[in-house]
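I keep these notebook entries for a reader who is new to this structure. I looked up how the chain is put together, one topic at a time.

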Amino acid sequence: MTDQASTNPLRVEAQHVGLFETPIAYCRLKDGESLIQELETSIHKNRAEAGGLQRSNIGGWHSDTDMMAWGGEAAKRLSEAAINIAKRLSHFQEASPDVYDWQLRMWANVTPRGGLNQPHAHPGNLWAAVLYLDMGDELESDEDIGGAFYVEDPRFPMAAMHNTAVRMIGVDGKPQQYEVEFKLERGKIVVFPAWLRHGVRPYSGKRERISIAMNIDARRK
Ligand SMILES: [Fe+2]
């Protein structure tokens with residue numbers, strides 16, 4: 001007698017559904033060169049005059065989180081752009097996003113050779129954002145100078161608890177990774193949920209890197 005199950009496998013019609021997305025806005029400032037230069041000038045001035053903070057950064061300089069007070073018109077324009085992106089990513093069941101009081105805190109990061117940011121989240125906020133101003137060394141061919149900005153799968157380590165080599169296949173048919181790096185350059189902005197853990201890998205270039213980070217929150221007026 002033959003085994004029916006192995007000679008005639010059960011046919012199944014399957015639908016691959018992905019749920020619970022992590023929305024991330026990967027943006028580029030258009031015609032932003034003069035704005036970027038104004039921001040850089042403010043950052044260099046503040047760095048020369050004021051102290052800094054120690055947060056997720058290892059090495060480098062982290063300004064106070066009040067760049068809106070010392071960043072001039074350029075910081076104000078940047079904050080408006082970031083809040084507009086956050087509004088487009090947000091839905092409130094009972095009201096329009098415009099009914100909320102959108103608040104933003106901004107600070108600057110200057111990262112020298114060997115600097116990095118440990119993985120962390122930004123509790124107490126809806127959205128977090130980063131704008132890269134100066135990438136430091138120019139990349140030549142395949143040279144790897146580190147410093148990649150990455151985000152962690154917020155579901156980690158659920159699947160890997162069984163086997164660290166396992167990757168779930170996404171709706172795009174590709175294995176989903178536990179960490180994803182972003183290709184960033186001068187003028188690129190990433191806006192992501194503030195609960196999403198992220199970090200910056202050790203940077204090994206010679207010139208300092210400069211970026212601006214933002215926390216965005218919405219409170220009922
Ligand atoms: Fe961060």
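I began with contacts, counting two residues as in contact if their C-beta atoms, placed from the backbone, lie within 7 Å. Among contacts between residues at least 6 apart in sequence, I found that 86% join residues at least 24 apart. I note that this is a predicted model, in which local features need pLDDT of at least 70 and side-chain atom pairs count only at pLDDT 80 or more, while totals for chains, interfaces and linings use all residues. Residues are numbered from 1 along each chain as its sequence is written.

**Overall form.** I read off a radius of gyration of 21 Å for the chain, whereas a compact globule of 221 residues would have one near 17 Å; the radius is taken over C-alpha atoms, and the globule rule is 2.2 Å times the number of residues to the power 0.38. Along the principal axes, the C-alpha atoms fill a box of roughly 85 × 50 × 30 Å. Of the 221 residues, 25% count as buried, a residue being buried if 20 or more other C-beta atoms lie within 10 Å of its own, exposed if 12 or fewer, and partly exposed in between, with C-beta atoms placed from the backbone. The secondary structure comes to 4 helices and 11 strands, where helices (H or I, at least four residues) and strands (E, at least two) are DSSP runs numbered from the N terminus.

**The core.** Which residues have the most contacts inside the largest nonpolar core? This core has 32 residues, and the ones I was looking for are Ala 82, Ala 129, Leu 131, Ile 212, Met 214 and Ile 216; such a core is a set of buried Ala, Val, Leu, Ile, Met, Phe, Trp, Tyr and Cys residues joined through C-beta atoms within 7 Å. The elements giving two or more residues to it are α2 (33–49), α4 (72–88), β4 (100–111), β6 (127–134), β9 (188–193) and β11 (209–220). The largest share, 7 residues, comes from β6. Leaving aside neighbours within four places in sequence, I found Ile 216 in contact with residues including Ala 82, Ile 83, Trp 102 and Ala 129.

**Helix α4.** The buried residues of α4 are Ala 75, Leu 78, Ser 79, Ala 82, Ile 83 and Ala 86. Seen down the helix axis, they fall within an arc of 135 degrees (the arc of the directions from the axis to the C-beta atoms), so they line one face of α4. On the other side of α4, I noted Glu 73, Glu 80 and Arg 88 as exposed. The buried residues of α4 pack against α2, α3 (67–70), β4, β6, β9 and β11.

**Helix α2.** Here the buried residues are Ile 36, Leu 39, Ser 42, Ile 43 and Asn 46. They fall within an arc of 125 degrees seen down the axis of α2, so they too line one face of the helix. The exposed residues on the other side of α2 are Glu 33, Ser 34, Gln 37, Ala 48 and Glu 49.

**Strand pairing.** I took two strands as paired if DSSP finds at least two bridges between them. Strand β9 runs antiparallel to β6, joined by 5 bridges, with Leu 131 opposite Ile 189. Strand β1 (residues 25–28) is also antiparallel to β9, through 4 bridges, and Ala 25 stands opposite Val 191. I also found an open sheet of 5 strands in the order β2-β5-β10-β7-β8, with antiparallel pairing. Its edge strands are β2 (57–58) and β8 (179–182), each pairing on one side only.
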